Amino acid sequence: MNEEESNGNKLINTEDFSVFYGRNEAVCGVTMGIRAGMVTAIIGPSGCGKSTFLRSINRMNDLIPGCRVEGKLMIDDQDINIPKVDVVTLRKNVGMVFQKPNPFPKSVFDNVAYGPRIHGVKSRGKLSDIVRNSLQQAALWDEVKDRLDHNALDLSGGQQQRLCIARAIAIKPSILLMDEPASALDPTSTGKIEDLIDDLRGDYTIVIVTHNMQQAARVSDYTAFLYEGELIEYGETGKMFTNPEKKTTEDYITGRFG
Amino acid sequence: MAILLMTVSLVVLLFPIFMKGVGAFVFRETVENRELMLQRFGRGDREEVMADVRETEAARKPVYELMERFEDEMSRADSEFRRKYRSEYREVKELIGELMGPKPGGKEGALIRKRYGKVRMDRALAKLEQILMIETYDYSDTSRMGKKVLKPRRDIFRGTSLEPVFAILRKDINKMMKPGIKFYWRFLFDKSQDAHFFGGIWPEVLGTLYLSIGAMIFAIPFGIVAAIYLAEYAGEGRLTRLIRVSISSLAGVPSIVFGLFGLAFFINTMNFSNSKSVLAGSLTLALLVLPIIIRASEEAIKSVPRGYREAAMSLGGRKWHTIISVVLPAALPGILTSIIVSLGRAAGETAPIIFTAAVSVGKPLAVWQTLSQPTPALPWSVYNLATEHEAVNEIRHVQYGMVLTLVVLVLLLNLTAIIIRKRVSKKLRR
């Protein structure tokens, strides 16, 4: 990846993007560009709309009755909210990891192979390769290679979450959304997840929502601060945590509220 | 632990049924039973049985001889003597015939029950008691109901050549009947002989299996599809609410109403069969258990963690694929429970099959015959034997054997439900 790409190429662009739950506006007119191959953290107090924003990138909010969007959210210059966009194709390109580890009650192998199978991979050999690669990328291979046929729910919480990451990257998305991926885990597991995010940097465009500002500072290249649905500040993580432009941002990251 | 407790409490509750029902499987058989088994089912060692028969015939010989002598005495005696003893003797002769079967070399009756004596020792002893003691009623106190009085029949024949027969019968009953313990597990798998006088209950057991499994074949797909529709697609509208209320009230409709509906709709209107058939009965039972399956499956589907759905959707799964590959497997314990509970319900229901499927006597059906033929079934036959059989007392053991079989069948089904649910939920860690 060359210098120009990593700085200039914005993979996800929003223009005046808003999300409503019924009459309630959860995300208000956000305009930002998320850079390809970088880790972008979205921080903000509870209820600021950061999860809602994240979930609208792969249109998971479609599942929620009464939810609608306004404005534009574009991936690769393609507005994802127009009718002709197929959510299945969209979600194949935009993987997601949830707050609570949610492996299926199936074997480790079947968990990772679930996505590829949906998208038409049938041969056992190919699936095995995909499962192996994904688990290796998710730094889980060595721990589970001898028990691929065991139930995924037998794994520890941290392993389960890495399995979910492996499951998400098994369909080779270009974007990986993470919704507080470590908040339900102990510090050791959290450390492993953060190391993993660091390893995945460059291969995937990662957008991570987090409550934990140290975590945002550790793992992300860029940080966006959302407050009451509005984008207050967005910039390089280093600059934002040392020298924020806005007073609200400073108050939040220094722990005066939130 | 829960299973154990349930089993124990049920066993305590069902103890009387169990004790009486076991009588159909384990009882003291007489030589008549061995002969019957040999002749009608080809079971037992011919040599041994015939030896037994000869032995008992020898023991019975004095009885027959005394009877002959008395008949002789009657034919030679005056008309007054004849008038006095004719009907009394006829009764004795009949009773002895019922106890020991037709006299060797005598005429064989048309009905199977006339060709053999008492096959069960308990019935034989009851018959013996009837021979020895005569039941009369004492009406001397007019202010009360007649009082039952037992008086020895022997007193009637005192002084005649028949008198010693009663003492011989009492003394040698064991030699005449040669009782032995019989473990008749084939009670389950034998066809009944002569309207349940002899043999087993296989047509009933088979009919019950056909009916309940048939009901499941119709109820499971419809029930699960309806549950998926209600839980995943219907949304929360006025129509959905109406459907839910209808299903709930359907669950509360008395089962006899389903029976009449089945007759009116499946047989009279739709003409699935000319008359009662297993098909019509299965469909009726399916309607009966459908609400149970729909409601329970819907609950099970709704209680699948949202995380599973979200994960499947986020991987690009379409809704129906998510439902089939993730939601249904996760809801399986609940669905299975509802299925097996309703299987038990379908097996035990009487009212819906009275008009649609059940007959009191029938042969075991082949699978293809279920489309057009009616069948006997356990719950209906229990009722039928208890109320409409010509010799209710003679075949109590069959009736209780059927009840026991039905209870055990339903218990086993429920036990299977619990075990399957445990295993599946263990796999799901929920």
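Student: Which residues make the contact between α4(B) and α5(B)?

Tutor: In this predicted model, B:Arg60, B:Val63, B:Met67, B:Phe70 and B:Met74 of α4(B) meet B:Phe81, B:Arg82, B:Tyr85, B:Tyr89, B:Lys93, B:Ile96 and B:Met100 of α5(B). By class, this contact has nine nonpolar, no polar and three charged residues.

Student: How do you know whether α4(B) and α5(B) are roughly parallel or roughly antiparallel?

Tutor: The axes of α4 (residues 46-76) and α5 (residues 79-100) of chain B come within 11 Å and cross at roughly 160°. Angles over 145 degrees count as roughly antiparallel, and therefore α4(B) is roughly antiparallel to α5(B). The crossing of these two helices is left-handed.

Student: What classes of residue make up the contact of α16(B) with α17(B)?

Tutor: On the side of α16(B), the residues include B:Leu378, B:Pro379 and B:Val382, and on the side of α17(B) they include B:Gln399, B:Met402 and B:Leu406. The residues of this contact divide into nine nonpolar, three polar and no charged.

Student: Which helix supplies the largest share of the side of chain B that touches chain A?

Tutor: In this interface, 16 residues of chain B are in contact with 21 residues of chain A. While α13 (306-314), α14 (319-348) and α17 of chain B each supply at least two residues of that side, the largest share, six residues, comes from α13(B). By class, the side of chain B that touches chain A has seven nonpolar, five polar and four charged residues.

Student: Where in chain A does pLDDT stay under 50?

Tutor: The mean pLDDT of chain A is 90, and 97% of its residues reach 70 or more, but pLDDT stays under 50 over residues 1-7 of chain A. Where pLDDT is low, the predicted coordinates should not be read in detail.

Definitions and conventions: Residues are numbered from 1 along each chain as its sequence is written. Chains are lettered from A and ligands numbered from 1 in the order in which they are written. This is a predicted model: local features need pLDDT of at least 70, side-chain atom pairs count only at pLDDT 80 or more; totals for chains, interfaces and linings use all residues. Two residues are in contact if their C-beta atoms, placed from the backbone, lie within 7 Å. Helices (H or I, at least four residues) and strands (E, at least two) are DSSP runs, numbered from the N terminus. Ala, Val, Leu, Ile, Met, Phe, Trp, Tyr, Cys and Pro count as nonpolar, Asp, Glu, Lys and Arg as charged, and the others, Gly among them, as polar. Axes are lines fitted to C-alpha atoms, for helices over the stretch in contact, and angles run from 0 to 180 degrees between N-to-C directions. Angles under 35 degrees count as roughly parallel, over 145 as roughly antiparallel, 65 to 115 as roughly perpendicular and the rest as oblique. A crossing is left-handed if the near helix is turned anticlockwise from the far one by less than a right angle, and right-handed if clockwise. pLDDT is the predictor's confidence in each residue, from 0 to 100.
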